[in-house]
Amino acid sequence: MTPRWLLLLYRISKRLGVRVLLGALMALLAVAVAPLFQPLIPDWMKDRFGADAVTPILSILATTMLTVTTFSLSVMVQAFQSAASQATPRAYRLHLQDTTAQTALAAFTGTFLFSLTALVLFNAGLYSEESAVVIFFLTIACIVAVILAMLRWIGHLSVMGSMDHTLERVVESALPPLERAMARPSLGAARPEHALPSDAIEVPAKAAGYVQYINLEALEEKLAASEAMFRVIAHPGAHLVPGMPLGLVAGGHVAPEEIAECFTVGAARTMEQDARYGVMVMNEIAIRALSPAVNDPGTAIDVVQRLERMLMKLGRPEHAPPDFPHVQMAPLNPAHLLEDGFYPLIRDGAARPEVIASVLAAMKVLGRAEWPALAVAAEITRDYTFAHAEAALTVEADRRWLEAKRQEV
């Protein structure tokens, strides 16, 4: 289980400003250490790669990289905002973690600062001819890095912000927590099998927001030291206000405040442990596509098929001894996954036979899933889908067509 400090470090590394700042620091470090390599420069290089050879190149880089960085940043923000308006506002946060865009901006910004700082030091007379040779080769390295970043950036611009790219980003982010939920049901905690004693104490939440992360390793250490048992009520993704119960603790002498410290609560849901969140975001994209303003049932059908493929990849949950026996947590319920991913879509698309037919086909496939509970939930969802379609469809021909599709699948 990831410690909280490592989780915070991971989140910080995903921020756009951090990678850009890292590129800037590397550029400034390169300018600062250039004089240290003076003894390694042979005399013949000073005449060929001196200040007169490198300063014009630095001037060109400083001018062009500022323009390229500003243009790239404006295009990126516009593309991300377009994706948020066409798909779902939750997709905007996923796009901000796009490593390709972050790396390109870091390369452009770092090259700009390197060129500008080197020019300042040259004009101030702080660089010798030997240092100019080092700066020349560092400039060549920057040009190569910019060319590679620009080629990758141009290819990325052709898809960035599109619906396909947004859906791929959501699937890439949603699948890992689902796979972890299969590999470690209950996130490694024990499944609740017996009722806790009547004297179990509620652990209240200290802050409002969503449960983003539970540090089960730290929680297990606190509980094992006093032989206490804790049952999690507020799973990752649960919304809380101060005073709502995080769970129940029984036995031992663990203070509720110590247990509450193991819960990370924030203003927005995240996907580190919340396996249902990504499925919900996919559903939001499908609902937006079915709205009168967009009227794009093809995207809704695409979402249904992507959800089908994603859930079929999960396989069967593994059954292993719990890693945290003093913590109890209910495992992921596949019925909740289907409710998050399909039920709102079914209600909004009940009057569209082609959308309902795709959902029925997906439920037929999920009915053969290796996860028995998922197969059962798929059969229930299939009946729910057809019931809504029967109530919404007013044309008899549509009813007969959908009934034929139901028999086919």
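## Basis of the description

Two strands are taken to pair if DSSP finds at least two bridges between them. Strands (E, at least two residues) and helices (H or I, at least four) are DSSP runs, numbered from the N terminus.

The model is predicted: local features need pLDDT of at least 70, side-chain atom pairs count only at pLDDT 80 or more, and totals for chains, interfaces and linings use all residues. Residues are numbered from 1 along each chain as its sequence is written, and side-chain values use heavy atoms, with hydrogens and water left out.

## The open sheet

An open sheet with mixed pairing is formed by 5 strands in the order E1-E8-E4-E6-E2. Strands E1 (189-190) and E2 (201-204) each have a single partner strand and stand at the edges, so one side of each is left without a neighbour in the sheet.

Strand E8 (residues 324-328) runs parallel to E1, to which it is joined by 2 bridges; Phe324 in E8 is the bridge partner of Ala189. E8 also runs parallel to E4, again with 2 bridges, and here Val327 of E8 is the bridge partner of Phe230.

Of the 5 residues in E8, 4 are buried, and the strand is mostly covered. Buried denotes under 20% relative accessible area, exposed over 50%, and partly exposed in between (1.4 Å probe, protein chains only). Helix H9 (residues 216-226) lies across E4 (229-232), E6 (245-250) and E8, and runs at about 100° to E8. Such angles run from 0 to 180 degrees between N-to-C directions, with axes as lines fitted to C-alpha atoms, for helices over the stretch in contact.

## Thr109 in helix H6

Helix H6 (residues 99-123) contains Thr109. This residue counts as buried because its relative accessibility is 15%. With neighbours within four places in sequence left aside, Thr109 is in contact with Val20 and Thr69, contact meaning heavy atoms within 4.5 Å.

## Domains 1 and 2

The domain assignment gives domain 1 (4-161), domain 2 (173-182 + 276-321 + 330-408) and domain 3 (195-266); such bounds come from an automatic or database assignment.

Ala87, Thr88 and Arg90 supply 56% of what domain 1 buries against domain 2, more than any other three residues.

The count between domain 1 and domain 2 is 1 salt bridge, defined as a side-chain nitrogen of Lys or Arg within 4 Å of a carboxyl oxygen of Asp or Glu. Arg90 forms a salt bridge with Glu284, the closest N and O atoms being 3.1 Å apart.

Methods: Buried area = accessible area lost by both parts, 1.4 Å probe.
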